[in-house]
Amino acid sequence: MTTRTRKIVIAGVMGAVSVFLGATHLGFIPWIAGAALTIMHVPVIIGAVLEGPLVGVVIGLIFGGFSFIQAAIAPTGPADVWFTNPLVSIAPRLLIGPVAWLAYRAFRRWFDAPSFAIAGVAGSLANTALVLGVIEFFTYVKPDNRFTIKLPWQAAGTIAVTNGLPEAVLAALLTFAVVASYKRVKTRRTGSSI
Amino acid sequence: MGKDTMGERTDPAAKTRREGRLEFDLFDGIRIGRYSEVHAPLHALDARVKLLLGVLLIAGAAASQGISSQLLILCAVTAGFPAARVRLSEGFRPLIPVLPFVFALALLQLFAVPQFRADARVLWEWGLLKISTRGLAAGVLLVTRFTAIVAGMSLLSAITTASDLASGIEHLLRPLQKMGVPAHEFSLVLGISIRFVPVLTEEASRLMKAQASRGADFGYHKTNFVKKMRTMLPLLVPLFLTSLRRAQNLVEAMESRCYTGGKGRTYMRRPKAHPADLFALACAACVVGGAVVLSVFGADARMWRWLGKVL
């Protein structure tokens, strides 16, 4: 049974996990050519699958807010120049949760466990597509330079494919592993806890 | 066949050993923000005012289009550092790692900004590449805006504690609670998040040691993606699972202490606005207003014309 208190706490804890993964190097899995796959959106997906779309929105807000603060206080890379714009760092992240939840509910009717993985893919793709989309939209609509420089469509497309697709697979893997395990572990206490 | 002295000097694992730290204590230095524990005028401001200053800063930097406006904001922020007893070198330090990227992007801007206005004077041309005055202005704007925001946020994070953040958000949103915005719940979520990050730090450290004692290798060699996945997955999945278990415990603890939500909740410490807070807000509003005015009235155009005459 899910109560209001439970939603608040899961939102808080998953938010903390997202912030922790972002603040340490754990959230960045090195991929080819120096780029990294990020998994900071996975707590958003897991929170949404477990507790619903509203919790997903809140965790997304914490994730987006932290990436905004990190870009503004302790910037680490080129992407942080775009992330100082809250419309790029916060707004798209609010939708990751609802998208993942919708995917989960849609596929739950047919399969049970794989729907977690599908939710992971959907949420991760939503993150990639929306963030890149907002960056593109901003640089397209305001050619006189708003916040950023123009990111060419080709570059965005390349990032979407080389980064976005593997990230989606990774998110699916993690979501599946965590949620499937959690829903079983709730009823029995066996094995080592670490 | 002597010792690999070059390797000893450059190997990060060896460096960690020399410094006396364990390889697993990587997370000890994690801090969100750069709060400095000093007794300075800016630290004593109301939590809500600190947050509002942040919002004003971002809004001001975003809304103004001119370089002069960004410089005005930057000057105001720089003047604020002594009021918070933060050294300027400390305050601007976050900029250092990103400066190369910012300049590279600004350089790209020189060439990439499309020329829609005919009044852009082309300064230099080579084949397809054109540097115009517009491109130059856009590049400088990017650098100054980014600097203004980073410096401002650095100042604000030096004066704001984590509990200030949670309490400020809660009390700022409280008037909206009548309209259905769950201010208390959201502020509680934020408070729980902030509280849990150090717990997760310790947990991750513990997990790394446990996995290493079972044979996992978290060393510093170059790993390919598959190897990295095989070391990270046994760390990440248990991290999530123990977090969820702690969440479950927290829910039970809250409910067993009769936590019923935000209705009718009172506070032990209620924030009171002092004249100093209003003064700080008024100053910030003036600076931001000035920045917007400068940008709207084309102060930039005048500045370029003056510079053109002088140079």
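Here is a short chat about reading helices in this predicted model.

Me: Where do I start with chain A? What does its secondary structure come to?

Reply: Chain A comes to eight helices and two strands. Going from the N terminus, the order is α-β-β-α-α-α-α-α-α-α. Of its 194 residues, 55% are buried.

Me: Now chain B. How many residues does helix α11 have, and how far does it reach?

Reply: Helix α11 of chain B covers residues 275–296, which is 22 residues. From first C-alpha to last, α11(B) reaches 31 Å, close to the 32 Å expected at 1.5 Å a residue. Just after α11(B), B:G298 has a positive phi of about 60 degrees.

Me: Which residues of α11(B) are buried, and which are exposed on the other side?

Reply: General idea: an α-helix has 3.6 residues a turn, so residues three or four places apart point the same way. In α11(B), the buried ones include B:A280, B:A284, B:V287, B:A291 and B:L294. Looking down the axis of α11(B), the buried residues fall within an arc of 135 degrees, so they line one face of the helix. On the other side, the exposed residues include B:L278, B:F279, B:A282 and B:C286.

Me: And how do I describe α1(A) and α9(B), which pack together?

Reply: Two packed helices are described by the angle between their axes and the distance between the axes. Helix α1 of chain A and helix α9 of chain B pack at about 45 degrees, with axes 7 Å apart. The two are therefore oblique to each other. The crossing is right-handed.

Me: Which residues meet there?

Reply: From α1(A), they include A:I8, A:G12, A:A16 and A:F20. From α9(B), B:L188, B:I192, B:F196 and B:L200 are among them.

Key: Residues are numbered from 1 along each chain as its sequence is written. Chains are lettered from A and ligands numbered from 1 in the order in which they are written. This is a predicted model: local features need pLDDT of at least 70, side-chain atom pairs count only at pLDDT 80 or more; totals for chains, interfaces and linings use all residues. Helices (H or I, at least four residues) and strands (E, at least two) are DSSP runs, numbered from the N terminus. A residue is buried if 20 or more other C-beta atoms lie within 10 Å of its own, exposed if 12 or fewer, and partly exposed in between; C-beta atoms are placed from the backbone. The expected span of a helix is 1.5 Å times one less than its number of residues. The arc is that of the directions from the helix axis to the C-beta atoms. Axes are lines fitted to C-alpha atoms, for helices over the stretch in contact, and angles run from 0 to 180 degrees between N-to-C directions. Angles under 35 degrees count as roughly parallel, over 145 as roughly antiparallel, 65 to 115 as roughly perpendicular and the rest as oblique. A crossing is left-handed if the near helix is turned anticlockwise from the far one by less than a right angle, and right-handed if clockwise. Two residues are in contact if their C-beta atoms, placed from the backbone, lie within 7 Å.
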